[in-house]
Amino acid sequence: VNYEDVARTLTNLAKEREYHLLETFAFEALNAVFHAFSPLFAKIRVRKRAALPLASSALIEFEKHAED
């Protein structure tokens, strides 16, 4: 996978509409990568520092396999 092409795809995705949640963009980014590049596996991880008052960060992770 050419990472410049991935970056361009995700930049275009970000410009298509306003995302209120970074998690929503991450989920759609993972699907866009699969649609455009057909990888066998991909994972995206989002960590938000200071998102929760009593935690150092909040983390969400999405992964997808070609057979999904």
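**Helix α2 and its surroundings**

Hi everyone, let me start with packing: the buried residues of α2 are in contact with α1 (3–16), β1 (41–49) and β2 (57–65). Contact here means heavy atoms within 4.5 Å, and buried means under 20% relative accessible area, with exposed over 50% and partly exposed in between, using a 1.4 Å probe on protein chains only. Helices (H or I, at least four residues) and strands (E, at least two) are DSSP runs, numbered from the N terminus.

A quick note on the model, which is predicted: local features need pLDDT of at least 70, side-chain atom pairs count only at pLDDT 80 or more, and totals for chains, interfaces and linings use all residues. Residues are numbered from 1 along each chain as its sequence is written, and side-chain values use heavy atoms, leaving out hydrogens and water.

Back to α2. This helix covers residues 22–37, 16 residues in total, and reaches 22 Å from its first C-alpha to its last, close to the expected 22 Å; that expected span is 1.5 Å times one less than the number of residues. Which residues of α2 are buried? They are Phe25, Ala26, Ala29, Leu30, Ala32, Val33 and Phe34.

Most residues other than glycine have a negative phi. Ser38 counts as exposed, at 56% relative accessibility. Ala50 also has a positive phi, of about 60°. You will find Ala50 in the loop between β1 and β2, exposed at a relative accessible area of 65%.

Now for the largest pocket, with a volume of about 190 Å³. On a 1 Å grid over the protein atoms alone, a pocket is an open set of points where a 1.4 Å probe fits, with protein on both sides within 12 Å along at least five of seven lines, and lining residues have an atom within 4 Å of a point. α1, α2 and β1 each supply at least two residues of the lining. Among the lining residues are Ala29, Leu30 and Val33, which are also buried residues of α2.

Last stop, α1, where Asp5 sits. Asp5 is partly exposed, at a relative accessible area of 30%. Its side chain makes a polar contact of 2.8 Å with that of Arg8; such a contact is a pair of N or O atoms within 3.5 Å, where one must be able to donate a hydrogen and the other to accept it, and residues adjacent in sequence count only if both atoms are side-chain atoms. Thanks, everyone!

Note on methods. Grid points are joined across faces, edges and corners, and a volume is the space filled by probe spheres set on the points.
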